[in-house]
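Dear colleague,

I am passing on the structure we spoke of, and below it you will find my notes on what came out of the analysis. Please read them with the structure open beside you.

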Amino acid sequence: MTIAVTNIRVEDKLYQNRYVVDSGRPHIKVRPHQSPSVNLYALTSVCPAKCYELNDQGQVEITTDGCMECGTCRVLCEASGEIEWNYPKGGFGVLFKFG
């Protein structure tokens, strides 16, 4: 018997995802910078997993532990060289439970 899942918030669906973190080998790195460009700064608000934050020195940092590998940051900043983006190694990364 299949039970229809309705009225579930996006946050609750995302909570069901699982992440296998490759400690010490993040798949995204932010290159050192004095101050963030407009696109790099935008990642602090457009990343759906809220992986990017502004630190006390006004620089953008990333914590990849909850990354959904959506590629938003790749589209915005990889061409400019502000980030280095690679897929996680096999066996690591996000495991989606609800597609």
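The notes go from the chain as a whole to one pair of side chains.

Please keep in mind throughout that this is a predicted model. The chain holds three helices and six strands, and when it is read along the sequence these elements follow the pattern α-β-β-α-β-β-α-β-β. Along its principal axes, the C-alpha trace spans about 55 × 30 × 25 Å.

Of the 99 residues in the chain, 25% are buried, and the chain exposes about 7000 Å², of which carbon and sulfur atoms supply 51%.

The structure holds one aromatic pair, formed by W85 and Y87, whose rings are 4.9 Å apart centre to centre with 80° between their planes. Because planes over 60 degrees apart count as edge-to-face, the pair of W85 and Y87, at 80°, is described as edge-to-face.

Are the two partners buried or exposed? W85 has a relative accessible area of 6% and is therefore buried, the cut-off for that term being under 20%, whereas Y87, with a relative accessible area of 59%, is exposed, since that term applies over 50%.

Conventions. Residues numbered from 1 in each chain as written. Predicted model: local features only at pLDDT ≥ 70, side-chain atom pairs only at ≥ 80, totals over all residues. Heavy atoms only, no water. Helix = DSSP H or I, 4+ residues; strand = E, 2+ residues; numbered from the N terminus. Buried < 20%, exposed > 50% of the residue type's maximum accessible area, 1.4 Å probe, protein only. Areas by Shrake-Rupley, 256 points an atom, 1.4 Å probe, with all protein chains shown as cover. Phe/Tyr/Trp six-rings, centres within 6.5 Å; stacked < 30°, edge-to-face > 60°.
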